[in-house]
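Dear colleague,

My findings are set out after it.

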Number of protein chains: 2
Amino acid sequence: MPKPLINGNAVVAQSGGPTAVINQSLVGVVEGLRGAGSIGTIYGSRHGVRGMVSDQFVDLGCVAQSELELVAKTPSAALGSTRDKPDAAYCERIFAGLQKRGVRYFFYIGGNDSSDTCRIVNELSEKAGYELRCFHVPKTIDNDLVENDHTPGFPSAARFVAMATMGDNLDNRALPGIKINVIMGRHAGFLTAASVLAHDHDDDGPHLIYTPEMVFDPEDFSSDIDRVYKKFGRCVVSVSEGIQDHAGNAIAATITMLQRERDAHGNIQLSGVGALGDFLAERVKTDLTPKGGKAPRVRADTFGYMQRYWLDPSPVDSDEARRVGAFAAQCALRGESDGSVVIRRVSSSPYRSECALVKLEQVAAKTRHMPAEFIEGPGRVTKAFVEYLRPLVGELPKFGRL
Amino acid sequence: MPKPLINGNAVVAQSGGPTAVINQSLVGVVEGLRGAGSIGTIYGSRHGVRGMVSDQFVDLGCVAQSELELVAKTPSAALGSTRDKPDAAYCERIFAGLQKRGVRYFFYIGGNDSSDTCRIVNELSEKAGYELRCFHVPKTIDNDLVENDHTPGFPSAARFVAMATMGDNLDNRALPGIKINVIMGRHAGFLTAASVLAHDHDDDGPHLIYTPEMVFDPEDFSSDIDRVYKKFGRCVVSVSEGIQDHAGNAIAATITMLQRERDAHGNIQLSGVGALGDFLAERVKTDLTPKGGKAPRVRADTFGYMQRYWLDPSPVDSDEARRVGAFAAQCALRGESDGSVVIRRVSSSPYRSECALVKLEQVAAKTRHMPAEFIEGPGRVTKAFVEYLRPLVGELPKFGRL
């Protein structure tokens, strides 16, 4: 229900793990607001909500268009990001910080935690009778926001994972062995599953894919690999950092080294550490070494932070990330009071998407998982997933064989 | 001293860790030989010397040009590679395998071990009075072949490392902390040092760079990081997998988990495992946590096998890799009896290089290290290194800042 426009300043901020295209969304918001009569200063808040509670702002309204274009093409959060997960008291301070600066429009680019922060701040402003229009702009390489066909940041990360797995498959073909690649995604397996795009010829990897939505059994894991290894003399495996056992416990949580550090959400550290890959490689090596025989060559790589910053974004992703930002600005300027921007797929061939605005509480603090129709069973994803993913990642290279 | 040409078949093979451009060299050899009257069949040997002792060959002479072009642009060794390090007896079997197939021209694309294999097989043929012309075609991402300005494969890997560090620096700027990146290079630090190209602004990472040529002291490491962390509130560190202590022992060798596996060369496994990064991160976290205070955010990524297969090669590298292959074929066709192809820099600005042929024993089994003029001290490389490297890696992206 559009309301009359209100005169005031705007603030935009970025949160959570940065992506290759999060600055496209930032620039989309800024471009969308510039020149609008009711918008005063367009503030950028440094390091997400931190800047709002510590009064660290940058004036985005006066940044030259050429510089904005350069920022849009720059990976990672140009304003800085934060892992802070504001509680009610923290949100009060955010609200106070925004009031102090005369902010009437709040745009928060981030994942499901950010949409929840938006929701809480929005409620505080309503309670206080202070007109504040709060918009959540989606972002996450994990692709785990509900209501979205997919989230900005995911297609570029998926492109990286697919390209890395393509190269890894060729490397493993040249020097055969068992190769385990650990891929980001604490709760949702979309990114790990994206490695499937590397599969072209019958004998291509990834030969096996394990996501958090599949039950992970270490014994089955070894015997699945053994089967592939016997067939092709090699095996490339994609494993999500968030794989879980029958009881829903993260496998990583069973590894001593990983138990040490927990973040503000109580989660153990999964990224920026190679222990899960090393653990799985050791386990497979032990399981598949014949008595008195030679151990197979087993290696593990943890794809790491590159997945979220690699400098070759999907063109679809760059475009959509810009559009969700611009759409949020449009919503504000047409008098929407709050909401979360979502991406909806209009058609797959030719690929076309559109933006829509849903209620903040529809997205806030909810996690989307890979749906059943994308999972064939432990180690395998479906053709439906491939069809869902392919239009998002852009052109992939073609290779020769001898 | 050119000799008269001899009629016979040719064999070409690829060895060691594949690179993004090793197939350019393969195609360079094949194109250079095709149509030459004295060359019969052009064999490709599967998995390096393994194919020669097990009679696994593919006829490369009849591969369509369009397919060859596609292969040239495909990363990793299209013929397959091998880690076998032939001893005298193995070389006898290679020599027998080549004789059996009527081979008179042997092209081996690889590093210093491959040039040594070339040398031994060459000696065997001389001793046997069997005319065999042996050519080593250089390849290694480590850039550790003597007599070469640089080696094909290195510029593309350097480009990857530079681009990854550029993205990592931006990521670390957005979510500040201490980030350790472990980079390939057992004995030579060129590839780790290549991360320096990510440095643009004063506060950009990599803030510290450690190569095997610098003495690595874990205590100094922590205090170096602490100094940067105090200055910038963050620190991005590039560490070679082959860093060594005062006594020349690999730091990785002190980590229990890494001591388990040794390769045919007696080396411990350094790649395909995250333990060194995890070990350093833990050490730094422990050293820099104030008594009763909060530990800094420390993360480690091991860049892994991507370094050698990433699908965005340096254009200079692609061109030179093709040219070293073609040059080897030219040498054969002008009657050279044996040798190792090397790359020499003619000028840096504009960049230009040329190929030359040196004796096999000049390159064989020797390791080149980073020269003293490229090292400023522990943690730092010189401007001379930057000037040496920059023309090799191709255009790097430019970024915006807010």
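Predicted model: local features only at pLDDT ≥ 70, side-chain atom pairs only at ≥ 80, totals over all residues.

**Symmetry**

Chain A can be superposed on chain B with an RMSD of 0.0 Å, by a turn of 180° and a shift of 0.0 Å along the axis. The two copies are thus related as by a two-fold rotation axis. Within chain A, the residue that comes closest to this axis is Gly274(A), its C-alpha lying at 2.1 Å. Of the interface residues of chain A, 100% are also interface residues in chain B, so the copies meet through the same surface.

**The interface**

Chain A contributes 66 residues to the contact and chain B contributes 67 residues. Between them they bury about 5200 Å², and carbon and sulfur atoms give 60% of this area. Leu175(A), Trp310(A) and Leu402(A) together supply 15% of the area that chain A buries against chain B, more than any other three residues.

As for polar interactions, 28 residue pairs are in polar contact between chain A and chain B, with both residues at pLDDT 80 or more. The two chains are also joined by 2 salt bridges. Asp171(B) forms a salt bridge with Arg308(A), with the closest N and O atoms 2.8 Å apart. On the side of chain A that touches chain B, at least two residues each come from α3 (65-72), α6 (154-174), α9 (275-288), β9 (298-302) and α10 (306-309) of chain A. The largest share of that side, 10 residues, belongs to α6(A).

**Helix α1 of chain B**

Helix α1 of chain B covers residues 22-33; at 1.5 Å a residue its 12 residues should span 16 Å, and the end C-alpha atoms are 17 Å apart, which agrees. Of these 12 residues, 10 are buried, so α1(B) is largely enclosed by the rest of the structure. Among the buried residues are Ile22(B), Leu26(B), Val29(B) and Leu33(B). Their cover includes β1 (8-14), β2 (39-45), α3 (65-72), β4 (103-110), β5 (133-138) and α11 (315-333) of chain B. Just after the helix, Gly35(B) adopts a positive phi of about 85°.

**Salt bridges within the chains**

Over all chains, the structure holds 53 salt bridges.

- Glu131(A) pairs with Lys3(A), the closest N and O atoms being 3.5 Å apart. Glu131(A) lies in the loop between α5 (112-128) and β5 (133-138) of chain A and Lys3(A) in the segment before β1 (8-14) of chain A, so the pair ties together parts 128 residues apart in sequence. Glu131(A) is partly exposed, at 27% relative accessible area, and Lys3(A) is partly exposed at 38%.
- Glu69(A) pairs with Arg322(A), with a closest N and O distance of 2.6 Å. Glu69(A) is partly exposed, at 28%, whereas Arg322(A) is buried, at 17%. Both residues belong to a network of salt bridges that links Glu31(A), Glu69(A), Lys73(A) and Arg322(A).
- Asp312(B) pairs with Arg159(B), the closest N and O atoms being 3.1 Å apart. Asp312(B) lies in the loop between α10 and α11 of chain B and Arg159(B) in α6 of chain B, so parts 153 residues apart in sequence are tied together. Asp312(B) is partly exposed, at 29%, and Arg159(B) is buried, at 9%.

With kind regards

How values were computed. Residues numbered from 1 in each chain as written. Chains lettered and ligands numbered in written order. Heavy atoms only, no water. Least-squares fit on C-alpha atoms with pLDDT ≥ 70 in both. Contact = heavy atoms within 4.5 Å. Helix = DSSP H or I, 4+ residues; strand = E, 2+ residues; numbered from the N terminus. Expected span 1.5 Å × (residues − 1). Buried < 20%, exposed > 50% of the residue type's maximum accessible area, 1.4 Å probe, protein only. Buried area = accessible area lost by both parts, 1.4 Å probe. Salt bridge = Lys/Arg side-chain N within 4 Å of Asp/Glu carboxyl O. Polar contact = N/O pair within 3.5 Å; in protein donor to acceptor, adjacent residues only side chain to side chain.
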